[in-house]
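Keep the structure open as you read.

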Amino acid sequence: MSMSGVGFSEAQLRDAAGVRSFERGLEYTGAVSGLEVLEAGATATVHGGSAYRVELGTGRGGGLWGKCSCPYGREGHFCKHCVAVGLVLLSRAAAVPGQRAEAERGRRDLDEWLEARSQGELLALVREQVAQDRALRRRLELRAAADNADVDAMRVRIRALLDASPFSQYGFVEYADADAYAEQIAEAVRAIGSLLETEYAEQAVEVAREALRILASTYESVDDSSGQLGSVVEELGEVHLDACRAAQAAPGETAEWLFAHLTGPGGDLLDIDVTDYFDVLGAAGKARLAALVTEAWHRHPSDWTLKYLKQQLARLEDDVDAVVAVYAADLAPTGATHLQVARELDAAGRSGEALEWAARGLEAASSAAPAGRVDSGLVDYLCDRYQAAGKAELAVEIRRDRLRGELSLAAYQRLRRAAQADGCWPAERGPALEVLRAEALKQAEKPWRSPAAWIDALVDDGDLEEAWVAATGVATDQQWLTLADLVSAQRPGDALKVYLRAVEPLTAVTGDAAYQQILRLLVSARACHEALGTTGEFDVYVAALRAGQKRKRNLMRLLDQHGL
């Protein structure tokens with residue numbers, strides 16, 4: 001593989017990006033600006049939906065890598081913008097070695113110049129940069145406070161770093177600014193972590209909690225699509241836990257903080273597993289946390305967070321009855337909660353009670369929930385259990401009732417499977433079809449109707465003759481087409497009428513989708529004419545159609561391609 005002075009080839013660029021990104025990158029070469037060749041790569045800006053910053057280079061093994069600030073690039077992909085920069089570099093390959101040597105010479109000269117400066121001169125340079133860059137000043141101020149273990153000063157500096165307002169417009173931090181904000185937060189997290197190596201671990205707990213409280217109020221106003229801020233917040237949570245351990249935080253107070261954080265605004269900021277805090281809480285802290293959760297849950301049994309915490313703590317104590325009690329206090333009308341209870345009891349080896357709960361849930365849901373709203377998982381659970389226990393007739397009874405409630409092909413298929421397992425499908429089929437027929441006739445009176453499950457059920461059973469007869473006045477246009485495709489070999493004349501009838505409204509429509517559908521119908525109609533021995537009639541029909549549609553050039557091209 002030929003290598004250029006750039007350090008990679010076009011083939012490597014294509015392999016790194018993949019065919020799709022490479023082809024799209026070809027369109028962006030004219031959008032590359034500010035290309036700068038560095039010692040180990042290059043940087044540039046590519047203007048697409050926004051101005052995206054791209055870095056490109058090769059590793060020690062010769063592998064090509066690229067980074068881009070676009071959404072796709074932030075997910076770790078070698079994107080079209082990286083491709084565009086790579087292509088521009090390749091187009092300027094002859095000049096790249098000289099530019100790279102110049103970049104290396106510039107870095108070396110700068111290092112030598114800095115080493116030759118006095119302390120006073122270097123301080124002046126730093127102060128100049130600090131005066132121009134507010135973010136740099138805040139970070140350096142925080143480092144100074146951390147090195148001096150000045151906790152009060154650190155609090156002030158950390159609050160400043162957590163302030164999102166310098167990055168936000170109209171109260172929201174846009175995607176392009178989110179990473180810069182996250183970098184400031186990371187600096188604050190590192191500073192808090194540095195306190196753990198001093199005698200100020202207790203203050204680190206307080207500062208970490210204050211930081212979490214501030215972030216809980218600002219996180220929702222940040223476009224964290226890249227996930228960088230979320231990662232930094234997770235690091236903050238780890239620092240808080242380590243600080244609690246280092247400071248041997250009071251168990252009761254830690255329990256109260258955990259409860260307040262998890263149940264308050266921004267409680268989902270951290271994906272906290274309370275078991276991680278058990279070594280800090282000890283027996284007394286766990287008891288305090290459980291008491292707080294239980295008291296709040298009794299007041300608000302439908303609160304999702306409280307239910308989750310209550311169940312989590314109960315499971316840790318292997319208290320299945322307590323878990324069930326949480327579910328029982330807030331039962332869904334569809335029976336979904338009964339199913340969750342049944343599964344909890346099954347896991348505890350109490351299968352008899354599990355079946356009783358599921359049966360009660362179905363009975364309650366069937367009378368309380370609107371038709372078709374009974375939880376399908378609960379129905380499946382009960383039917384599977386009954387069939388496994390040799391009580392297939394009970395599964396058939398449930399499926400029969402559900403068919404009346406759902407009136408769908410899926411419900412019919414489930415009844416059929418259950419009845420076949422019980423050996424009673426011949427007796428069940430007629431009444432089941434009658435239920436669907438009655439619904440189809442009722443729906444047929446409406447101007448807009450959905451596909452009749454009666455017709456679909458007959459087709460699914462393979463009873464095409466009965467389905468064809470039943471379709472009149474009931475079937476939708478799509479069902480007629482499905483039937484025509486299935487019976488065209490046996491009923492070419494009848495199927496032909498369906499195809500030609502479907503063509504007519506499409507002739508008033510423009511667009512490739514309509515043209516493709518016309519083509520498909522004409523191909524099917526031609527097969528019917530061939531079966532009937534009337535291809536001459538088909539030729540006359542197509543000629544008339546072409547004459548009436550001749551201005552639709554895309555349609556004419558399609559018909560030509562298929563000999564129509």
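## Helix H22 and its cover

In this predicted model, helix H22 spans residues 453–460, and its buried residues are Ala453, Trp454, Ile455, Ala457 and Leu458. What lies over them? The cover includes helix H20 (409–422) and helix H21 (425–444), along with helix H23 (464–471) and helix H24 (477–487).

Look just past the end of H22 and you will find Gly462, which takes a positive phi of about 85 degrees. This stretch of chain also carries charge: Asp460, Asp461 and Asp463 are linked with Arg416 and Arg429 in a network of salt bridges.

## Salt bridges

How many salt bridges does the structure hold? There are 32. One of them joins the side chains of Asp111 and Arg107, with N to O at 3.0 Å. These two residues sit in helix H5 (residues 96–115), and because they are four residues apart, about one helical turn separates them. The general rule behind this is that an α-helix has 3.6 residues a turn, so residues three or four places apart point the same way. Both partners are partly exposed: Asp111 has a relative accessibility of 32%, and Arg107 has 37%.

Another salt bridge pairs Arg117 with Glu121, where the closest N and O atoms are 3.8 Å apart. Arg117 is partly exposed at 25% relative accessible area, and Glu121 also counts as partly exposed, at 37%. Asp494 is partly exposed, its relative accessible area being 26%.

## A negative patch on the surface

Which residues form the negative surface patch? They are Glu234, Glu235, Glu238, Asp271, Asp273 and Asp276. To find Asp271, go to the loop between helix H12 (251–263) and helix H13 (278–299). Is Asp271 buried or exposed? Asp271 is exposed, because its relative accessible area of 68% is over the 50% cut-off.

Tyr541 belongs to helix H27, which covers residues 535–548. With a relative accessibility of 26%, Tyr541 counts as partly exposed.

Which residues does Tyr541 touch, leaving aside its neighbours within four places in sequence? Tyr541 is in contact with Leu500, Val503 and Leu522. Leu522 is 19 residues away from Tyr541 along the chain, and the C-alpha atoms of the two are separated by 9.9 Å.

Note on methods
Residues are numbered from 1 along each chain as its sequence is written. This is a predicted model: local features need pLDDT of at least 70, side-chain atom pairs count only at pLDDT 80 or more; totals for chains, interfaces and linings use all residues. Side-chain values use heavy atoms; hydrogens and water are left out. Buried means under 20% relative accessible area, exposed over 50%, partly exposed in between (1.4 Å probe, protein chains only). Contact means heavy atoms within 4.5 Å. Patches are made of residues with over 30% relative accessible area and no salt bridge: like charges are joined within 9 Å, nonpolar side chains (Val, Leu, Ile, Met, Phe, Trp, Tyr) within 5 Å. Accessible areas come from the Shrake-Rupley method with a 1.4 Å probe; for residues, only the protein chains shown count as cover. A salt bridge is a side-chain nitrogen of Lys or Arg within 4 Å of a carboxyl oxygen of Asp or Glu. Lys and Arg count as positive and Asp and Glu as negative; His and the chain ends are not counted. The place of a charge is taken as NZ of Lys, CZ of Arg, CG of Asp or CD of Glu.
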